[in-house]
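This briefing covers a protein–DNA model, topic by topic. Start with the sequence and the structure, then read the points below.

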There are 2 protein chains.
Amino acid sequence: MKTRDKLLAAAADALAAEGVSAISGRSIAARAGVNQALVFYHFESVADLLAAAVRWSVDESVADYRRRLADVSTLSELLALGDTLQAVERDRGNVAQMAQVMAGAQQEPRLAEAARYAIDAWAAEVEAVIARVLETSPLGGLLDAAGAARAVTAAFIGLQLYEGVDPAGARSATDALRVLGVVAETVDGLGPVATRALRARVRRKVTRAGRA
Amino acid sequence: MKTRDKLLAAAADALAAEGVSAISGRSIAARAGVNQALVFYHFESVADLLAAAVRWSVDESVADYRRRLADVSTLSELLALGDTLQAVERDRGNVAQMAQVMAGAQQEPRLAEAARYAIDAWAAEVEAVIARVLETSPLGGLLDAAGAARAVTAAFIGLQLYEGVDPAGARSATDALRVLGVVAETVDGLGPVATRALRARVRRKVTRAGRA
DNA sequence: GTCTATACATAGATAGAC
DNA sequence: GTCTATCTATGTATAGAC
């Protein structure tokens, strides 16, 4: 493994483990087992290294899920996969890493760009699936797949931060969301008559709200 | 205004404006217009000051909303109030502040405690309202109000972080959530027959999932 | 309670030998 | 590409005068 890659991997790890507020070029180098000065040989600055690490690690994990997401075409399948995806990515520290990057990004343009890249990468995958699922759903034509994908991604990040602060509370939150998923699934499985009625009602309300 | 209060206010501001990674005792003191050494006279450490600032500012904003939340008893009212609450708190920087605290809390026990306090304070208010709304809802008895309140709070925080990184994307996410709110409202307004049917179906699925 | 001054640690970043 | 050494800035925290 080349030094540059060691640094990228170490930076990704350090983000999840130490958080943006505690991270430093020195701590990353130590974690990578390389000399501190090499950070500035291989990258312009610490922020630059962090940004590169985010892109690198998001590319990896998204690619990992691309195939599995491609197989999903129903809401039940999506919810099930989302459940395991959330657990796996959380354990890998990828969600925590994203949360830290986004927190740091509020002031560091380089990190903001990397965060945007990461969310776009995840959201693009999720969006494709949601769009497919929406085709047969009462919500088809009402709910914007791109927006929904982004909402899901952002919510994951909020939940991850919450988990670091109050694991029990976060679990209760996740359980509640799971119930809502089942409700959505049920509504989704209504017959064509109920579906049409629901869709008409919602459309009426949304239009009214849009005018206000 | 006493120096201690100036520091608390400045710390709260600084959290939203600078973020945990950039904040320092010096920057807070400068913002408060007081001498840097006073941070350590009035507080044990910077982390201690930040934690106190979070409690102080969350107490203020929650009290502000307590009365208005107490008036809410239907889902439509809740969604409407949630909309304005989100906008107002965001503009005040309170959500950004929370997001930063939670990011920093992953490594700083003092901040974690303060973050827990803040979320509990918000969630307690929201929970009471949700419980009231759930009474007449198809979801009554199925959805845990405490968990739902925490999920909403966490999602707000994730969305706030996202907004700092990609305002347009965050808007599309919020719009999608708004549509889902309308859907929930519609489902909520179904007749008693449909309600009973939906509840039975969901309960069956939840039980099955719980056994798995 | 507030100020100046300062000790001390750690950070980002660079120069120059190897 | 990698190392040692080092400059410089900034941060936390304290001592002691006012």
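**Protein, DNA and the pairing of two chains**

Of the 14 residues around DNA strand C, those that come nearest are A:Gly25, A:Phe40, B:Thr3, B:Asn35 and B:His42; a residue counts as near a molecule or strand if one of its heavy atoms lies within 4 Å of it. This is a predicted model, in which local features need pLDDT of at least 70, side-chain atom pairs count only at pLDDT 80 or more, and totals for chains, interfaces and linings use all residues. Residues are numbered from 1 along each chain as its sequence is written, chains are lettered from A and ligands numbered from 1 in the order in which they are written, and side-chain values use heavy atoms, with hydrogens and water left out.

**DNA strand C**

- Sugar or phosphate accounts for 57% of the atoms of DNA strand C within 4 Å of the protein, and bases for the rest.
- B:Thr3 has a side-chain N or O atom 2.6 Å from a phosphate oxygen of DNA strand C. Such a polar contact is a pair of N or O atoms within 3.5 Å; within protein, one must be able to donate a hydrogen and the other to accept it, and residues adjacent in sequence count only if both atoms are side-chain atoms.
- For B:His42, a side-chain N or O atom is 2.8 Å from a phosphate oxygen of DNA strand C.
- Two helices each supply at least two residues of the surface near DNA strand C: helix H2 (25–32) of chain A and helix H3 (38–42) of chain B. Helices (H or I, at least four residues) and strands (E, at least two) are DSSP runs, numbered from the N terminus.
- H3(B) gives the largest share of that surface, three residues.
- By class, the surface near DNA strand C has six nonpolar, seven polar and one charged residue. Here Ala, Val, Leu, Ile, Met, Phe, Trp, Tyr, Cys and Pro count as nonpolar, Asp, Glu, Lys and Arg as charged, and the others, Gly among them, as polar.

**DNA strand D**

- DNA strand D is surrounded by 15 residues, the closest being A:Thr3, A:Asn35, A:His42, B:Gly25 and B:Arg26.
- A:Thr3 places a polar side-chain atom 2.6 Å from a phosphate oxygen of DNA strand D.
- B:Gly25 uses its backbone: an N or O atom there lies 2.9 Å from a phosphate oxygen of DNA strand D.
- B:Gln36 reaches a base, with a polar side-chain atom 3.2 Å from a base nitrogen of DNA strand D.
- Helix H3 (38–42) of chain A and helix H2 (25–32) of chain B each give two or more residues to the surface near DNA strand D.
- H3(A) gives the most to this surface, with three residues.
- The surface near DNA strand D divides into six nonpolar, seven polar and two charged residues.

**Chain A against chain B**

- Each side brings 53 residues to the contact, from chain A and from chain B. Contact means heavy atoms within 4.5 Å.
- The two chains bury about 4500 Å² between them, 72% of it on carbon and sulfur atoms. Buried area is the accessible area (1.4 Å probe) that two parts lose on being put together, summed over both.
- Eight residue pairs are in polar contact between chain A and chain B, both at pLDDT 80 or more.
- Two salt bridges are counted between the chains. A salt bridge is a side-chain nitrogen of Lys or Arg within 4 Å of a carboxyl oxygen of Asp or Glu.
- A:Lys205 and B:Glu185 form a salt bridge through their side chains (3.8 Å, N to O).
- H8(A) gives the most to the side of chain A that touches chain B, with 13 residues.
- That side of chain A has 32 nonpolar, twelve polar and nine charged residues.

**Symmetry**

- Chain A superposes on chain B by a rotation of 180 degrees with 0.0 Å of shift along its axis (RMSD 0.0 Å).

**Inside the fold**

- Chain A has ten helices and zero strands.
- Its C-alpha atoms fill a box of roughly 65 × 35 × 35 Å, taken along the principal axes.
- Over all chains, the count comes to 26 salt bridges.
- In one of them, A:Arg31 pairs with A:Glu18, the closest N and O atoms being 2.8 Å apart.
- A:Arg31 lies in helix H2 of chain A and A:Glu18 in helix H1 of chain A, so this pair ties together parts that are 13 residues apart in sequence.

Terms used:
Copies are superposed by least squares on the C-alpha atoms of residues with pLDDT of at least 70 in both.
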